[in-house]
Amino acid sequence: MTDYTLFATCPRGLETVLAQELAGQGCTHIQAADGGASCQGGLEQIYRANLHSRTASRVLVRLARGAYRSENDLYRLARNIPWHEWFSDGHTIKVHSEGRRAAVKSLDFVSLKTKDALCDHFRERTGRRPSVDKHRPDIRIRVFLDDKTAQIFLDTSGEALFKRGYRQDTGEAPLRENLAAGLLLAGYDGSQPFQDPFCGSGTLAIEAAWIALNRAPGLMRRFGFEKLAVHDPALWARLKAQARAQIKNRPSENIAAGDNDRAMTRAALTNARAAEADMFIDIVTCDAQDARPNGGGGIMLSNPPYGVRLAEIQSLHALYPQLGSWLKQHYAGWLVGMFTGDRDMPKIMRLTPKRKIPLYNGKLDCRLFLLDMVAGSNR
């Protein structure tokens, strides 16, 4: 069984969680890095990571790594890859390049040189070349540059892994599914009551339901590796069957979600139905402060609204002390997690977080504040 050098990407801040997930799927030599984790694994680990990882964004196979001083060095690096062993000239391709302190004038030109090298490889072997498809390619190639080294990867995921296949309606600023799952994995394992009183389009509650049901997040979608020459359909069918057999009939504890916007709770219900989880989530339209615990010793996790414009910030800062009082009055014994871009939120709520976990929502620097609620105190 061939072992490959892999790199799985994830939202920044979730690298340690991702590394633990990769270990759970049998990957070896795991090293967390900024924005992901490198590891070793065979086809089975590639399939398992794509199917089971809740926090990964993509699973990439490294095809080449080398020093470079000019775009011509990058062409040579790509030209030496045996592309025909991975896919045929009948597949469509897309090359995407990223850099950190990259010593090149244009990353688009890097993509062009990599594509030229790939096409020249096929022309020499077959007289034909793959076509480019920028929107729905069969094969995605990714180039990463730092100031001295270039790495070329084949994307085994296809569409990004946060696209689970259930999201029908999202609202204005939805949390990506893998970030939502990463927030949950800071304290939720499916054995506690769960509640999100600011649920928006329902992503946190749906991801909580899938954790509680032990449902693999990749069961509803297709993957890039299904188009590769090395794909093993029998192995893939066996791993999917195993994953389906591990799904529980129902969560052991209640899952509740609410929002004061009826359009949002409708969207949450639509998404929950598509995720086959609507029968396990109690979704209501109500003001957050009218919500009450749906069990003892549970977990509340929310991405409450936080302002960008001054007027929004001022009105929210007037609301936060009321939220703090509501939590102390009703949620004693609960672990409360607030994911926000507003660093002052706990202070204004008059609560002291036990942990502050730095995470990025896209490029937005946020914090997950974890609070142990004790009746009538300021903890």
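At 47% relative accessibility, E276 is partly exposed (buried means under 20% relative accessible area, exposed over 50%, and partly exposed in between, with a 1.4 Å probe and protein chains only). E276 is not a glycine, yet its phi is positive, about 60 degrees. Its place is the loop between α8 (262-274) and β11; helices (H or I, at least four residues) and strands (E, at least two) are DSSP runs, numbered from the N terminus.

This is a predicted model, in which local features need pLDDT of at least 70 and side-chain atom pairs count only at pLDDT 80 or more, while totals for chains, interfaces and linings use all residues. Residues are numbered from 1 along each chain as its sequence is written, and side-chain values use heavy atoms, with hydrogens and water left out.

**Positive phi elsewhere**

H29, also not a glycine, has a positive phi of about 50 degrees. H29 belongs to strand β2 and counts as exposed at 66% relative accessibility. A positive phi, near 90 degrees, is found at G26, which follows α1.

**Helix α1 and its cover**

Helix α1 spans residues 15-24, and its buried residues are E15, V17, L18, A19, E21 and L22. Elements covering these buried residues include β1 (4-9), β2 (28-33), β3 (36-41) and α2.

**Helix pairs**

Axes are lines fitted to C-alpha atoms, for helices over the stretch in contact, and angles run from 0 to 180 degrees between N-to-C directions.

| Helix pair | Axis separation | Angle |
|---|---|---|
| α2 (43-52) and α7 | within 10 Å | roughly 40 degrees |
| α3 (71-79) and α4 (107-126) | 8 Å | about 35 degrees |
| α5 (177-184) and α6 | within 9 Å | roughly 65 degrees |

α2 and α7 are oblique to each other (angles under 35 degrees count as roughly parallel, over 145 as roughly antiparallel, 65 to 115 as roughly perpendicular and the rest as oblique). α2 passes α7 in a right-handed crossing; a crossing is left-handed if the near helix is turned anticlockwise from the far one by less than a right angle, and right-handed if clockwise. On the α2 side, the contact (heavy atoms within 4.5 Å) is made by L43, E44, Y47, R48, L51 and H52, and on the α7 side by L235, W236, R238, L239, K240, Q242 and A243.

The crossing of α3 past α4 is right-handed. Here E71, N72, L74, Y75, A78 and R79 of α3 meet F109, V110, K113, T114, D116, A117, D120, H121 and E124 of α4.

α5 likewise passes α6 in a right-handed crossing. The α5 residues in this contact are E177, A180, A181, L183 and L184, and those of α6 are T203, L204, E207, A208 and I211.

**Aromatic pairs and a charge over a ring**

There are 14 aromatic pairs in the structure. Rings of Phe, Tyr and Trp (its six-membered ring) pair if their centres lie within 6.5 Å; planes under 30 degrees apart count as stacked, over 60 as edge-to-face and the rest as tilted. The F223 and W236 rings have centres 5.6 Å apart and planes at 90 degrees, so this pair is edge-to-face. F223 lies in the loop between α6 (203-212) and α7 (233-245), whereas W236 is in helix α7, so the pair ties together parts that are 13 residues apart in sequence. F223 is buried at 5% relative accessibility, and W236 is buried with a relative accessible area of 4%. Ring pairs link Y47, F223, F225 and W236 into a cluster. Within this cluster, Y47 and W236 also take part in the contact between α2 and α7.

A charge sits over a ring if NZ of Lys or CZ of Arg is within 6 Å of the ring centre and within 35 degrees of the ring normal. The charged end of R12 sits over the ring of Y360, at 4.0 Å from its centre.

**Two further residues**

A241 is in helix α7 and is partly exposed, with a relative accessible area of 42%. The C-alpha atoms of A241 and L219 are 9.7 Å apart, and the two residues are 22 residues apart in sequence.

Q289 lies in the loop between β11 (281-285) and β12 (299-302). Its C-alpha atom is separated by 8.5 Å from that of L327, which is 38 residues away along the chain. Leaving aside neighbours within four places in sequence, Q289 is in contact with L319, Q322, L323 and W326.
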